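Work through the exercises below with the model open. Each task is followed by a stepwise solution.

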Amino acid sequence: MSKRYTSLLYLCFLLFAILFFTLSFHSRLATDDYYTIASVNNNGIIHNTILTYQEWLGRFSAVFVNSILFQLFQANHILFTLIPLITFALLLFSVKYCSSKMIHFFSLSNSTIPIATWSISFTIMLFFSTIHIGESWFWYCSASTYWWSIAFFLTGLGSIYSNTNNISNYLLLIICFVYVGGASELYSLLFMIVLMIIYYPSSKYQKADTEQQKRFRNKLILSCLLLCISVFINITASGNEIKRSFYSAFDLPTFTNYFVRMNGKLFLWFIPMKLL
């Protein structure tokens, strides 16, 4: 890249950093956030996680992370500014980590665009392509469920592609996929499909396997297994049934109506507006 192009790119990064920090600083706690603060103060981190699992929601890993952060930050607005910043940093790290491991695994050249530059650019594009930026990036309770699940999945995927074969690599893989399964059952299903798509080509040539390919396939199997176990713990929580009882019956016609309306808005309004 030319020096002028690099300078302009870094200027764009700086302007985005100012924008993101400003939005983070001026965001406010939602009702769910205040409730979580009160619940953690009354019950403590561990007991709040258990209580939520038993009485409201099975997403134990996301609730546990929220319990820690909300216990530390209380209702301090300045400290809550850190949550969107931490979320962005996690996504940035995960994109960079996963990209670097895949480039090394496939012996690709990354001389055209540095990994750090590509990672920052991709994460910024992800921000601007979000349909509801306020709800997606600055709703504190939801960050650990959605964006953190994506970040942990990409980090776990990077661990799968990593050529290192030590305890720390496997420990990182385990933490990532247990977290994802315990944070978002829907994302876990999508990520499991991605892992199976990755696994299929590698399983066709087992006879010509190198040691690296065997490790790679074993990591994929372990990741799917961890996701399954973690999701099972998530969806079988007694709290899910209690929460479901507060909502009206969700039959097939109702589901079809919501599905058509949601996708109609997405493809006929939100996406065209983003592109324009």
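Helices here are DSSP runs of H or I with at least four residues, numbered from the N terminus. The model is predicted.

**Exercise 1.** Find which helices each supply at least two residues of the lining of the second largest pocket.

Solution. 
- Step 1: The helices are α2 (31-43), α3 (45-55), α4 (60-73) and α9 (140-143).
- Step 2: α2 gives the most, with 5 residues.
- Step 3: The lining has 23 residues in total, and T36, T52, W56, L57 and C141 lie nearest the pocket centre.
- Step 4: Sort the lining by type: 9 nonpolar, 10 polar and 4 charged.
- Step 5: The space in this second largest pocket is about 590 Å³.

**Exercise 2.** Compare the reach of helix α11 with the span expected at 1.5 Å a residue.

Solution. 
- Step 1: α11 covers residues 167-183, which is 17 residues.
- Step 2: From first C-alpha to last, α11 reaches 24 Å, close to the expected 24 Å.
- Step 3: Now list the buried residues of α11: N169, L173, C176, F177, Y179, V180, G181, G182 and A183.

**Exercise 3.** How many disulfides does the model have, and why?

Solution. 
- Step 1: Apply the cut-off: a disulfide needs two cysteine sulfur atoms within 2.5 Å.
- Step 2: Start at C98, whose closest cysteine sulfur is in C176, 10 Å away, so this pair is too far apart for a bond.
- Step 3: Check from C176: its closest cysteine sulfur is that of C98, again at 10 Å.
- Step 4: The count is 0 disulfides.
- Step 5: C98 is buried at 5% relative accessible area, and C176 is buried at 2%.

Definitions and conventions: Residues are numbered from 1 along each chain as its sequence is written. This is a predicted model: local features need pLDDT of at least 70, side-chain atom pairs count only at pLDDT 80 or more; totals for chains, interfaces and linings use all residues. Side-chain values use heavy atoms; hydrogens and water are left out. The expected span of a helix is 1.5 Å times one less than its number of residues. Buried means under 20% relative accessible area, exposed over 50%, partly exposed in between (1.4 Å probe, protein chains only). On a 1 Å grid over the protein atoms alone, a cavity is a set of points where a 1.4 Å probe fits but cannot get out, and a pocket is an open set with protein on both sides within 12 Å along at least five of seven lines; lining residues have an atom within 4 Å of a point. Grid points are joined across faces, edges and corners, and a volume is the space filled by probe spheres set on the points. Ala, Val, Leu, Ile, Met, Phe, Trp, Tyr, Cys and Pro count as nonpolar, Asp, Glu, Lys and Arg as charged, and the others, Gly among them, as polar.
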